[in-house]
Amino acid sequence: MSFDYDDQNIFAKILRGEIPNQTVLETEYTLAFRDINPQAPVHVLVIPKGAYVTYDHFAAEADDVEILDFTRVVGKLCADLGVSTGRGDGGHRLITNAGRDGVQEVPHMHVHILGGRGLGRMLTAG
Ligand code: AMP
């Protein structure tokens with residue numbers, strides 16, 4: 001399996017500092033920032049700094065340290081943003097769209113953290 005990464009995508013430009021972002025958390029391997037068009041009171045995007053197109057690309061080719069860091073950042077953000085499932089917080093939804101059928105707009109791997117209100121059923125038709 002091979003994955004083609006387009007380094008002109010908007011998140012690559014954010015990582016290079018070519019366009020601004022509202023950073024929430026940054027580590028050596030991972031960046032989290034506010035979605036520009038939030039769909040819920042909490043809507044944060046988490047991206048690896050490495051050049052991965054989709055979650056399956058990341059899972060297949062990222063180093064263990066990148067995957068560990070990414071996973072820990074997601075967990076920390078859920079707590080920091082008040083959408084954990086601990087401490088009586090209301091919970092959240094993680095979404096990672098991939099490819100054509102996943103209707104992925106930005107071809108740099110990202111996980112959406114959504115929460116802060118009831119999010120309804122997982123999928124709607126169409
Ligand atoms: P998707 O690729 O469909 O999973 O979603 C891409 C997400 O990136 C959308 O929710 C957009 O609102 C968001 N987005 C696009 N450009 C920016 C940007 N410059 N800063 C923050 N979020 C963005």
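Visitor: How many nonpolar, polar and charged residues does the shell around the ligand have?

Guide: Sorting a shell by residue class gives a first reading of a site. In this predicted model, the shell around the ligand holds 8 nonpolar, 5 polar and 3 charged residues.

Visitor: Which residues of that shell come nearest to the ligand?

Guide: There are 16 residues around the ligand, and those that come nearest are Asp35, Asn97, Glu105, His110 and His112.

Visitor: Which backbone atoms lie close enough to the ligand to be read as polar contacts, that is, pairs of N or O atoms within 3.5 Å?

Guide: A backbone N or O atom of glutamate 105 lies 2.7 Å from an oxygen atom of the ligand. For valine 106, a polar backbone atom is 2.9 Å from a ligand oxygen. For valine 103, the distance between a polar backbone atom and an oxygen atom of the ligand is 3.3 Å.

Visitor: How much of the ligand's exposed area does the protein bury?

Guide: The ligand taken alone is the reference state. It exposes 500 Å² by itself, and the protein buries 88% of that area.

Visitor: Which pocket does the ligand take up?

Guide: The ligand takes the space of the largest pocket.

Visitor: What is the phi of valine 103?

Guide: Start with the general rule. Most residues other than glycine have a negative phi. Valine 103 has a positive phi of about 50 degrees, although it is not a glycine. This valine lies in the loop between β4 and β5.

Visitor: Is valine 103 buried or exposed?

Guide: Compare its relative accessible area with the cut-off. Valine 103 is exposed because its relative accessible area is 60%, and exposed means over 50%.

Visitor: Where is glutamine 104, and is it buried or exposed?

Guide: Glutamine 104 is in the loop between β4, residues 92-95, and β5, residues 111-115. It counts as buried because its relative accessibility is 17%, and buried means under 20%. A polar atom of the glutamine 104 side chain lies 3.0 Å from the backbone oxygen of valine 106.

Visitor: Where is the place of proline 107, and how does its accessibility count?

Guide: Proline 107 also has its place in the loop between β4 and β5. At 30% relative accessibility, this proline counts as partly exposed.

Visitor: Which C-alpha separation is given by glycine 50 and alanine 12?

Guide: Those two residues are 38 apart along the chain, with their C-alpha atoms separated by 9.2 Å. Glycine 50 is found in the loop between β3, residues 42-48, and α2, residues 55-61. With a relative accessible area of 17%, glycine 50 is buried.

Visitor: Which side chain does histidine 112 join in a polar contact?

Guide: A side-chain pair is read from the distance between its polar atoms. The side chains of histidine 112 and histidine 43 are joined by a polar contact of 2.8 Å. Histidine 112 is found in strand β5, and it is buried, with a relative accessible area of 12%. It is also among the residues that come nearest to the ligand.

Note on methods: Residues are numbered from 1 along each chain as its sequence is written. This is a predicted model: local features need pLDDT of at least 70, side-chain atom pairs count only at pLDDT 80 or more; totals for chains, interfaces and linings use all residues. Side-chain values use heavy atoms; hydrogens and water are left out. A residue is near a molecule or strand if one of its heavy atoms lies within 4 Å of it. A polar contact is a pair of N or O atoms within 3.5 Å; within protein, one must be able to donate a hydrogen and the other to accept it, and residues adjacent in sequence count only if both atoms are side-chain atoms. Accessible areas come from the Shrake-Rupley method with a 1.4 Å probe; for residues, only the protein chains shown count as cover. On a 1 Å grid over the protein atoms alone, a cavity is a set of points where a 1.4 Å probe fits but cannot get out, and a pocket is an open set with protein on both sides within 12 Å along at least five of seven lines; lining residues have an atom within 4 Å of a point. A molecule sits in a cavity or pocket if more than half of its atoms lie within 2 Å of its grid points. Ala, Val, Leu, Ile, Met, Phe, Trp, Tyr, Cys and Pro count as nonpolar, Asp, Glu, Lys and Arg as charged, and the others, Gly among them, as polar. Helices (H or I, at least four residues) and strands (E, at least two) are DSSP runs, numbered from the N terminus. Buried means under 20% relative accessible area, exposed over 50%, partly exposed in between (1.4 Å probe, protein chains only).
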